Amino acid sequence: MKELQEDTSFSQEIDAWVDGGYSYNHPPIHVMQTPLSLQLVGVKPLPVYVDPSKLRKTMLTNHPEITPEILKQLPEALRDPMMIFRSKTQPDRIVVALSLKDSQGVEILVPFALDKPKVWEQANIITAIYGKDDRHGRPRYSWYKDNIKDGFLLYANRKKLLSFSYPPGSNSPWKSKRTASLPII
């Protein structure tokens with residue numbers, strides 16, 4: 001019940017922001033409380049927010065394949081991610097890989113800045129939302145493979161991971177020793 005209320009509230013906030021012309025002046029958008037999936041890898045159970053200016057830049061400039069309808073599915077997808085990685089470049093960040101796809105059919109990544117003091121409250125902040133593609137509209141498998149190989153993988157839903165479409169004839173990193181030892185969640 002609480003999850004449905006969170007999803008409805010987030011969807012209404014997205015609608016209001018879109019109806020307001022993707023305003024930079026819109027207050028930060030509350031996405032949800034940190035889901036259990038992220039808490040399992042050590043993320044504090046804080047509110048999750050996204051800055052409308054980040055959304056505007058994503059949706060209108062950098063990644064127009066992220067539509068409001070796709071965005072509205074974000075809370076549900078974050079509750080059951082495909083993978084969670086430590087950030088290679090920012091020690092206080094994680095990157096959540098979703099099975100949710102953008103309008104081109106590419107799985108979406110959601111980087112988070114963790115446990116940040118904000119004017120409104122301490123929160124986990126979504127810093128971007130985008131499909132990780134190879135510039136030809138296909139998933140950039142090398143990014144996932146490199147992050148797994150380099151030890152940045154914190155969590156994997158093996159069932160989703162095994163259904164993640166990897167190019168035929170290639171060595172799938174999903175069947176590696178590193179992912180085989182992960183619990184099925």
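In this predicted model, strand β4 and strand β5 (residues 107-117) run antiparallel and are joined by six bridges. Within this pairing, Val95 has Pro111 of β5 as its bridge partner. The hairpin of β4 and β5 has five residues between the strands, and Gly105 in this hairpin takes a positive phi near 90°.

Strand β4 (residues 93-101) also pairs with strand β3 (residues 83-86), again in the antiparallel sense, and here the pairing extends over four bridges. The table sets the two pairings side by side.

| Strands | Sense | Bridges |
|---|---|---|
| β3 and β4 | antiparallel | four bridges |
| β4 and β5 | antiparallel | six bridges |

Which residues line the largest pocket? The lining consists of Arg86, Ser87, Lys88, Thr89, Gln90, Arg93, Val95, Pro111, Thr127, Tyr130, Trp143 and Asn147, and the elements that contribute two or more residues to this lining are β4 and α6 (141-149). Val95 and Pro111, both named in the lining, are also the bridge partners described above for β4 and β5. The volume of the largest pocket is about 250 Å³. Sorted by class, the lining of the largest pocket holds four nonpolar, five polar and three charged residues.

Methods: Residues numbered from 1 in each chain as written. Predicted model: local features only at pLDDT ≥ 70, side-chain atom pairs only at ≥ 80, totals over all residues. Heavy atoms only, no water. Pairing = 2+ DSSP bridges. 1 Å grid on protein atoms, 1.4 Å probe; cavity = no way out; pocket = protein on both sides within 12 Å on 5 of 7 lines; lining within 4 Å. Points joined across faces, edges and corners; volume = space filled by probe spheres on them. Nonpolar A, V, L, I, M, F, W, Y, C, P; charged D, E, K, R; others polar.
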